[in-house]
Every structure is written in C-alpha cells, then in structure tokens.
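Hello,

Here is the structure I promised to pass on. Please open it first, then read my notes below.

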Amino acid sequence: MRRETMRPMPELSFRTRAASALPTLSLSVEAVLLLTSVFWVAVVNRLFFNAALADRAWGDPSAWGFGAALAVALVALHFVLMAPFANRWTVKPLLGLLLLCTGFAAHFMQQFSVYLDPTMLRNVLHTDPGEAKELFSASMAWHLLGYAVLPLLLLWRTRIVLRPWKRALWIRLAAIVAAIVVALGALLAVSQPFSSMMRAHKEMRYLITPANYLWSLVSVVRSETQDAAKPRQAIGTDAAKGPSWSGPRAAKPSLLVVVVGETARAANWGLNPGARNTTPELAKLPVINFPTVKSCGTNTETSLPCMFAPVGRRDYDEARIRGSESLLHVLARAGVAVTWRDNQSGCKGVCEGLPQTSVATSNPPAGQCDGERCLDEGLLNGLADRLSTAQGAQVLVLHQLGNHGPSYFRRYPQAFERFTPACRNDDLRQCSTDEIKNAYDNALGYTDHVIAQLIAQLQAKSASVDSAVIYVSDHGESLGENNLFLHGLPYAIAPDLQTHVPMTMWFSEGFATDTGLDTACLKRRAAEPAAHDHLFHTVLGLMDVRTSVYEADWDLSRGCRAAGAAQ
C-alpha cells in the first residue's frame, strides 16, 4: 500500500522561511547580558548623561573621560544586577520583560522629564486604568519600536550557548567579580567629580535606567508589605469636642467641606495676583484666598497623606505619615461624622476604615461619566439631600479629578472651553505651549464652577445648616516650562509651579458666628505664606476638636477666633 508523504501547510512554510531569513546569533548568557547592558547605557540613559555632563564643555578631554568612566560603570552595574537571576532557561524571559519595561520607562522619562524614584513608582503602581490609558500615544508606539520591539526580535533570534552547569557557575561567578572590579575601577578613576556630583544631585541616580525603577520597585514593595503587616498608629486618642458644642453651636448642624483639588497650580488660579481670570464665579463670592501656599509634595501619593497629617513637610517622615492615622480619624474619634467622596484614585489611606463613596458608583446622572471618568460636578450629587438630613458635626471631603494631566481637555464640559485654541491631544508635545495652557485653564475654570455651585447649595441651606468650605490643591503642574511636563519631580529640585498651590476658604455667617471667627482678620492672615502643614490644625480649630496633637501655631484661624472659641 502506497503511503502519502506529509507536506507542510503553505502558511507554516512561509513563516518558517520568514523566520529563517532573520540572522541567528549564538551567544553565551554572559554575552547576552553584557550586550543588553551596553544597549541600555548607550541608548536609554540619555537623560542621565545629559545631567551628569551638563556643566562640562564638549571640547574638554576630562569631560569625555568622565563620561566614559560613568558608561563603563553603568554597564558593569546592570550586568551585576541581572547576572544572579539569568541562566539558559531564564535569560530570555527576564531580558524580554526588562526590555519592555525599560522601553516604557525611557519613554515617560524623556517625554515628561520625570525621575523614577520610589514615590513616582508608587504613583505608577497605583495609577488606575483610566489614567494609564491617557498616557498612551502614537509617539509611544514609535519609541517602543526602537527601544523594545527591535531588541526583542534580536533576543528571540539568539541561540544560547549551553555549558555544563559547574563550568557555567564558575564562569558566572568570575564574570560578576570582574564586573564589580571594573565598576569600582571606573568610579575610582573619577571618584572626586563623581562623589561631588552625587552629593549635590542625589536625585540624579533615579535617571539611571533600568536600575532606577528596579531599585524603586523593591523599595515600594518592601515599604507597602511592611505597612500592610501592621495596623496604623493611632493619633489624637484624647480627641473630644470642645465647649462650643455645648453652647449655641449645638442648635444647628455644622458641616465643613474640604475640597481636595488635583494638579491645580497657584500661578494659574484666577484669584491670585497676575493670573488670568480662571475663577470668574468665585471672584463674585465672599471667599478668602491664600495666594502663597506650599504643598507637601509634587504628586498625590505624597501630598494627600501628608496634608492630612499633624506634621507635614516641615518634619517630613514618609514612613511615619503612612503608618499613622490621619486628621479624619481624629475627627471621627471626637464624634464628628466624616465622609470621603472620591472622583479620582482613592484616599491613599487617609480615610481607611471611614465611610467612603465615589462618583462613579453612585448612579450619576447621564452625561456626567463616560465609562472611564466622571466630571467633578458628580461630587455634588446628593448634597441637597445630605443637607436636608444633616445632624450634629460633619466633615465631608471631596476629592477632585480636577486638572489631572495630560488630558486637560477631558476634565471639563465643552461649554467651559473659554480659552482657545485648547490642546485636545493626549500627547502634550503635539500641542503648542499656549494650547496646553488654554486647556489647563479651561479645566481650572470648571473647578471654579464646581466650588461655586457647592457654595451656592450651602448658602441655600444656611438657615438650617452652618457650613464652610476649604479648597486646596494637592500639588501643582508643569506645562512645558523648561521642557518639563506634568508633575512628580523630586521635591528638592521641583520648580515652584509644582509645589505652589491655590487655597481658598468660604464661611457661612452662622459658621463664622458659632466659631467666633473674624473673617476680616483671616483675610489679612491670608496675605502671609501658608502650607499644607496648616490644614490639619486649622480644621481641628474650626471644628473645635480638642486634642494633644493640635498645634495652635499651625492653625490659620487661631488668632482670628474669639477668645472663648479659641483652643
């Protein structure tokens, strides 16, 4: 009986021929690691070398020697980082993942001039899908093609040379030792300028890629694992309502609304001197504006826990802040009803264990949400009902989406596009500086409207509820100045645009009377510098909550409240 000869399917045959057309390399694991390290240092670390050589002339031979020594040291460093985890089975998956992650990291660093320190990486890890989607662009695709896809193709076509395991082990150990010796030798050769550079610019180490995000990832995972393993440290355990709650203040409910803005910078806040009119509605209201306010950090992950802590930037201790309860827990312990209402990425532990709601999950009216994001007016949904049934002392925190970039044009309805032409592209580098600022200011104008609407609702119920509003943004933003975009630079080198934020207050007549607050006095105090550090103690003072963690010197209202109402 004649047997039929099996023939390959045409499609499979074509694929085989196409694959075989690509070059094939035969390399040891050590050679693959070395070549990958050289690629990263030569191609991915442009920002680091620009910063390291910024003050050196191209014609100076010592500059070339310094740069070469740094390059050799970085190649050796990355080799040493990868060598313990790479063998003939793991080297391709390991490098494949690192090439892809490094491609993304290099894109965002070069696109927005960010530093991948632990704080920034924590932001990345806690970014929700809606935020992440807005960061993808056509320029990213082209960037990844050269920085990740092509190297991955070469890695795929590389055949790993096999060695007996004992010989492979000795070669690997020798290679690691040699890399360490080379790195130390290179750094010793330029020890004086290198040590001076790192002392003066410690943040520069977070430009070394991929070592920066690998180190930061380990730091963040270790920190969050430790935080999760132990309960938050209780603060203000002696908190109790002050005497005003036994007097006239007890006759009516009292509501303080703290609006946490997002990415609003002081330079563009219309109530501040020199800014264009981005706050036309608030300008018509009897608000008290603080033009010079310093933030705790340059990103939400840092600023939000810090601004609700008793000691903020003036004695900053991230571990202590993240491991302790917040202002809201102290208020709740004193008998104040506290609620957190969110339209962003959560409260970062500030409201842990306390009542929380979100705009997206509270059946918002049609048109307020697009399936990924909700407009900030959704924060006011149900407020009228809340005021109608209010009892006792309450604090409501509204966490805005605000001006979160880069898609500023998505943060406001079309009716609020007052400044034109506005950038309507997720990739800010496709827009002019004026277009970016127009879109940003339109979003600020919408925040102005939301706060004005909040005050209008409170005013409408002033006969039955005493109320007050404190608006303060978490951090600022760079809009292309000095080629910087967005936010998140290390605090020590961040421009004022990322650390100076707007803060505005409003008080109903009843609230001011019950607290003994002289609003004219507070308006004079507003002309002086303030900071996120004041928020914790100012809120305790206004709500007359007595506790040992309260510091009168950091209460902005302290000198403007009647003696009987002051703590």
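P210 lies in the loop between α10 (191–200) and α11 (211–229). In this predicted model, a cis peptide bond joins P210 to T209, with omega at about 10°. There is a second case to look at. G405 and P406 are also joined by a cis peptide bond, with omega of about 5°. P406 is found in the loop between β9 (393–399) and α16.

Two backbone angles also deserve a look. Most residues other than glycine have a negative phi, and most peptide bonds are trans. N483 is not a glycine, yet its phi is positive, about 65°. N483 sits in the loop between β11 (478–479) and β12 (485–486). With 44% relative accessibility, N483 counts as partly exposed. D544 is not a glycine either, and its phi is near 50°. Find D544 in the loop between α20 (533–542) and β15 (545–546). D544 counts as buried, at 2% relative accessibility.

Next, helix α2. It covers residues 29–44, which makes 16 residues. At 1.5 Å a residue, α2 should span 22 Å. Its end C-alpha atoms are 21 Å apart, which agrees. Which residues of α2 are buried? They are V29, E30, V32, L33, T36, S37, W40, V41 and V44. Seen down the axis of α2, these buried residues fall within an arc of 165°, so they line one face of the helix. L35 and A42, on the other side of α2, are exposed.

The largest nonpolar core has 96 residues. L33, F48, V257 and L454 touch the most other members. Helix α16 (residues 433–460) gives the largest share of this core, twelve residues. Another core, of 55 residues, lies apart from it; V258, I288, V472 and C560 are among its members. Zoom in on V257: leaving out residues up to four places away in sequence, V257 touches L396, L398, L454, L458, A468, V469 and I470.

Last, the rings. The count of aromatic pairs comes to eight. One of them, F108 with F112, is stacked: the centres are 6.3 Å apart, with 15° between the planes. F108 and F112 are four residues apart in helix α5 (residues 91–112), so about one helical turn separates them. F112 is buried, with a relative accessible area of 7%. The charged end of R157 is over the ring of W156, 5.9 Å from its centre. The charged end of R265 is over the ring of Y440, 5.9 Å from its centre.

Best wishes

Definitions and conventions
Residues are numbered from 1 along each chain as its sequence is written. This is a predicted model: local features need pLDDT of at least 70, side-chain atom pairs count only at pLDDT 80 or more; totals for chains, interfaces and linings use all residues. Side-chain values use heavy atoms; hydrogens and water are left out. Helices (H or I, at least four residues) and strands (E, at least two) are DSSP runs, numbered from the N terminus. The expected span of a helix is 1.5 Å times one less than its number of residues. Buried means under 20% relative accessible area, exposed over 50%, partly exposed in between (1.4 Å probe, protein chains only). The arc is that of the directions from the helix axis to the C-beta atoms. A nonpolar core is a set of buried Ala, Val, Leu, Ile, Met, Phe, Trp, Tyr and Cys residues joined through side-chain atoms within 4.5 Å. Contact means heavy atoms within 4.5 Å. Rings of Phe, Tyr and Trp (its six-membered ring) pair if their centres lie within 6.5 Å; planes under 30 degrees apart count as stacked, over 60 as edge-to-face and the rest as tilted. A charge sits over a ring if NZ of Lys or CZ of Arg is within 6 Å of the ring centre and within 35 degrees of the ring normal.
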